[in-house]
Amino acid sequence: MIKTKNLHKSFGELEVLKGIDLDINPGQVVVLVGVSGSGKSTLLRCLNFLEKAEEGTISIDGRTVDRKKDDLSQVRAEVGMVFQHFNLFPHKTVLENIMEAPLIVKKADRGKAKQLAHSLLEKVGLSDKADVYPNKLSGGQKQRVAIARALAMEPKALLFDEPTSALDPELVGEVLQVMQDLANEGMTMVAVTHEMKFAKEVADRIIMLDEGVIIEDADPETFFNHSTNERTRQFLEMVN
Ligand code: ADP
Ligand code: MG
């Protein structure tokens, strides 16, 4: 579903991604880990074409994206992204937030967009919040709206960049639950998260980035219990 070959990304002198090869199958849940500054966000942003990789290719669902010829907003419709800070439109209601992209990017029919938005709100457990403004929501509720908003584009895959890191601890679970539901439904997902319990229980694969290089790509059991990689073990000691 998502494939990269030899992806390189630098900011000035700083080389942040040093040749990333990824191959994520449909329905796979990948948790991306690594210390701060290892390049996790940059990798997700490259996969969503918010950053431009200088070298290498990215294919989505078997098609290599051509930055010059392809409409990147269409590509972004195929691979949605959920951020640490929810970035909801403050002057739009919850329902309008979810309807916005289908109406603007997909030129969707208003009635259909509304119907879809309502069904997505139900999916994330917020049916009663359709007409409220984001400032009336808790952080966990905001993030669930942000997930519904990403789903409104009917993406083939979803990227999550620390979706629970800005939340009070008691609100983390409700967001992880929505992510787990999506995983169970077969959504292809790449999530950067420090929630190791989620990683153990939900991920098919854990990928560890270290200074812009993938140093480990393993199933959770192997990653957490049998890694022989020194950097991985240091990382696990730090997060546990
Ligand atoms: P992570 O998400 O793993 O913490 P990032 O991908 O955010 O890491 O950052 C990797 C490195 O790239 C860091 O050293 C960071 O300072 C640098 N970096 C990220 N974005 C930019 C940017 N827009 N301009 C310059 N440097 C950046
Ligand atoms: Mg980051």
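In the predicted model, an oxygen atom of ligand 1 lies 2.9 Å from an N or O atom in the side chain of Ser-41. Taken alone, ligand 1 exposes 560 Å², of which the protein buries 58%. Two further contacts of this kind were computed for ligand 1: an oxygen atom of the ligand is 2.8 Å from an N or O atom in the side chain of Lys-40, and an oxygen atom of the ligand is 3.2 Å from a polar backbone atom of Ser-38.

The residues around ligand 1 comprise Phe-11, Leu-14 and Val-16, together with Val-35, Ser-36, Gly-37, Ser-38, Gly-39, Lys-40, Ser-41 and Thr-42. Helix α1, which spans residues 40–47, and strand β2 each supply at least two residues of the shell, and the greatest contribution comes from α1, with three residues.

Strand β2 also belongs to an open sheet of four strands, in which the order is β2-β1-β4-β5 and the pairing is antiparallel. The edges of this sheet are formed by β2, covering residues 14–24, and by β5, covering residues 63–64, each of which pairs on one side only. Within the sheet, strand β1 (residues 2–11) and strand β4 (residues 55–60) run antiparallel and are joined by five bridges; in β4, Thr-57 is the bridge partner of Lys-5.

Notes. Residues are numbered from 1 along each chain as its sequence is written. Chains are lettered from A and ligands numbered from 1 in the order in which they are written. This is a predicted model: local features need pLDDT of at least 70, side-chain atom pairs count only at pLDDT 80 or more; totals for chains, interfaces and linings use all residues. Side-chain values use heavy atoms; hydrogens and water are left out. Two strands pair if DSSP finds at least two bridges between them. A residue is near a molecule or strand if one of its heavy atoms lies within 4 Å of it. A polar contact is a pair of N or O atoms within 3.5 Å; within protein, one must be able to donate a hydrogen and the other to accept it, and residues adjacent in sequence count only if both atoms are side-chain atoms. Accessible areas come from the Shrake-Rupley method with a 1.4 Å probe; for residues, only the protein chains shown count as cover.
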